[in-house]
Amino acid sequence: MDAVVLREFGEPDVLKVESVPDPVASAGWVTVRLKAAALNWHDVLVRQGKYSSPLPHVPGADGAGTRADTGEAVLVLPSLWWGDREAAPGPRWEILGDHHSGTYAELVRVPEDCIAPKPRGLTWEQAAALPLVGLTTYRALFTRGRLRAGENLLVLGAGGGVATMAVMLASAVGANVTVTSSSISKIAQAQELGAANGVLYDDPDWPDEARGLTPDGQGFDLVLDSVGTWERSIAALRPGGRLVVLGASRSELATLDVRQFYFGQYELIGTTMGSPGDFAGLLTLMDTKTVPPVPISAVFPLAEAAAAHQYLEQGSGFGKVVLSHG
């Protein structure tokens, strides 16, 4: 099969297409003939060597295609060996494409409990774009964040995959959504997906401005922070509010005023990815509520994975970047 192979860590041009052996069938595993694979920022970190992936290596967490044995149209769940506790993953847990060969290939082999039926009405590209970002966002909002209809949600970084998915899922359940962005156009695009309004985060007073957009001016019940700006996120919360953290794209260190934090009765909640139960919850929500497909910013052929990574790192698109397997 053809696959994008990483033989050294580095810039996008280290991603090269090669012919490699097909996965070997075995009991308890399923081989999927991929139609499309979506990119995630996590893939960039894998390419850079941040997860110490074995070399040579095929990256990629997200994919959709057909089971090689039955022909059924399926999604690939990229959360491997989650374990028995819903509260947190077990010691064997890993993300597909970290140490196990991933979806930048014509075929991928995954444990049998890591596939699910492809939702009706989605293209292959839309289906491939759903699993990682959908699973991660569903767990952050509902399993961990306990978001309810009528609550006020602030989503940082409009235009990113998690932020876009959060707007769609939260709006579908009746939450009031505000976003932050560096771009007026990305705020407008988020509003088309269900956000009520937004603020520009290059304004140093954006937390106060965002709080003022809530109905009572007291701030947000829940803030979803995938960028790592905890201090400013907390400043946007209402007393007793919840901060859910699931990324550190802008900052890996945070300084908090401890006294302010406990007097504010705030909650700080960490999360990443999700369990098979979370994935089932996501698919049920999409089946019972009106949730638009994941927006696609750009589609590249598998052979142009390097160009796709360059596009992703530019950060100019709104929505997901996808590799089409033809």
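Residues are numbered from 1 along each chain as its sequence is written, and side-chain values rest on heavy atoms, with hydrogens and water left out. Because the model is predicted, local features need pLDDT of at least 70 and side-chain atom pairs count only at pLDDT 80 or more, whereas totals for chains, interfaces and linings use all residues.

According to an unreviewed UniProt entry, the annotation "domain: Enoyl reductase (ER)" covers residues 10-323; such annotations may be inferred rather than shown by experiment. Within this span, 28% is helix and 25% is strand (DSSP runs of H or I with at least four residues, and of E with at least two, numbered from the N terminus), and the end C-alpha atoms lie 20 Å apart.

The largest pocket has a volume of about 1,300 Å³, where a pocket is an open set of points on a 1 Å grid over the protein atoms alone, with protein on both sides within 12 Å along at least five of seven lines, and lining residues have an atom within 4 Å of a point. Of the 46 residues that line this pocket, W41, G160, G161, S226 and S249 are the closest to its centre. Elements giving two or more residues to the lining include the helices α1 (41-47), α3 (131-144), α4 (161-172) and α10 (305-314), together with the strands β7 (94-95) and β17 (320-324).

Helix α4 also holds S171, which is partly exposed at a relative accessible area of 23% (buried means under 20%, exposed over 50%, and partly exposed in between, with a 1.4 Å probe and protein chains only). The C-alpha atoms of S171 and P12 are separated by 35 Å, the two residues being 159 apart along the chain.

Most residues other than glycine have a negative phi, and most peptide bonds are trans. The peptide bond from L55 to P56 is cis, with omega near -5°, and P56 is placed in the loop between α1 and β4 (64-67). A positive phi of about 55° is found at R146, in the loop between α3 and β10 (152-155), and this residue is partly exposed at 36% relative accessibility. M273, with a positive phi of about 50°, lies in the loop between β15 (267-270) and α9 (276-288) and is buried at 2% relative accessibility.

Finally, V258, Y262 and F263 make a nonpolar surface patch of about 370 Å². Y262 belongs to helix α8 (residues 258-263) and is partly exposed, with a relative accessible area of 44%. Patch residues have over 30% relative accessible area and no salt bridge, with like charges joined within 9 Å and nonpolar side chains within 5 Å; a salt bridge places a side-chain nitrogen of Lys or Arg within 4 Å of a carboxyl oxygen of Asp or Glu.

Notes
Areas by Shrake-Rupley, 256 points an atom, 1.4 Å probe, with all protein chains shown as cover. 1 Å grid on protein atoms, 1.4 Å probe; cavity = no way out; pocket = protein on both sides within 12 Å on 5 of 7 lines; lining within 4 Å. Points joined across faces, edges and corners; volume = space filled by probe spheres on them.
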